[in-house]
Amino acid sequence: MEIGEKLKNLRIQKNLTQEELGERTDLSKGYISQLERDLSSPSMETFFDILEVLGVTPEQFFSQKTGEQKILYKEEDTTSYSDETNGYHIKWLIPESNEKEMEPILLTLEKTGQYKQFSPSLSETFIYVLEGTVGLQFGEAYFVAQAGESIYYEASKPHRLLNHGKKPTKVLVVATESYL
């Protein structure tokens with residue numbers, strides 16, 4: 001089994017250079033390079049030491065599928081939910097996005113629509129207004145953004161999105177620390 005590419009990808013994901021990985025495992029930069037190009041095979045002890053520094057178990061390492069991540073998501077991959085009482089429609093653009101670092105959704109607010117009230121969290125939220133005008137109640141402050149404008153905030157205060165206009169509003173919301 002060729003393990004070099006997987007080792008290199010893990011090293012890059014950890015923002016380590018070959019030299020830094022070598023220093024943390026008492027190996028030379030040249031040896032790390034040889035491993036990543038499958039020109040050399042490590043002993044089991046060396047391999048386990050490298051995996052420990054990279055933060056993965058052997059089981060995780062061998063269960064990861066190289067190059068098989070899903071890149072393109074189509075309309076049929078989305079999931080939708082409507083709350084007629086509060087006048088909003090939400091579309092999750094990526095399946096299982098709540099398990100990832102970012103959660104992108106399309107949120108449509110009807111004429112008097114408002115999205116749920118959120119408590120403070122560690123989330124960072126980016127909102128791009130596609131159509132209409134959206135209001136953000138952020139603690140005691142209130143912000144308004146129109147089509148083509150963006151909102152970005154750390155969710156350190158209670159907050160809520162509302163339709164601020166007289167027509168339906170559509171926004172792209174991307175949040176970290178999924179809480180949507």
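In which crossing, left-handed or right-handed, does helix 1 pass helix 4? The legends below describe a predicted model, in which the crossing of these two helices is left-handed.

**View 1. Packing of helix 1 with helix 4.** The axes of helix 1 and helix 4 lie 10 Å apart and form an angle of about 30°. Angles under 35 degrees count as roughly parallel, and helix 1 is therefore roughly parallel to helix 4. From helix 1, Leu7, Leu10 and Arg11 meet Phe47, Ile50, Leu51 and Leu54 of helix 4. Classified by residue type, this contact comprises six nonpolar residues, one charged residue and no polar ones.

**View 2. Buried and exposed residues of helix 4.** Helix 4 spans residues 44–54, and its buried residues are Thr46, Phe47, Ile50, Leu51 and Leu54. Viewed down the helix axis, these buried residues fall within an arc of 135°, so they line one face of helix 4. Met44, Glu45 and Glu52 are exposed on the face turned away from the buried side. The cover over the buried residues of helix 4 includes helix 1 (4–13), helix 2 (18–25), helix 3 (29–36) and helix 5 (58–63). Just after helix 4, Gly55 adopts a positive phi of about 80°.

**View 3. The buried face of helix 1.** Gly4, Lys6, Leu7, Leu10 and Arg11 are the buried residues of helix 1. They fall within an arc of 165° when seen down the axis of helix 1, and therefore line one face of the helix. Helix 2, helix 3, helix 4 and helix 5 pack against these buried residues.

How values were computed:
Residues numbered from 1 in each chain as written. Predicted model: local features only at pLDDT ≥ 70, side-chain atom pairs only at ≥ 80, totals over all residues. Heavy atoms only, no water. Buried < 20%, exposed > 50% of the residue type's maximum accessible area, 1.4 Å probe, protein only. Helix = DSSP H or I, 4+ residues; strand = E, 2+ residues; numbered from the N terminus. Arc of directions from axis to C-beta. Contact = heavy atoms within 4.5 Å. Axes fitted to C-alpha atoms, helices over the stretch in contact; angles between N-to-C directions. Parallel < 35°, antiparallel > 145°, perpendicular 65-115°, else oblique. Left-handed = near helix turned anticlockwise from the far one by under 90°. Nonpolar A, V, L, I, M, F, W, Y, C, P; charged D, E, K, R; others polar.
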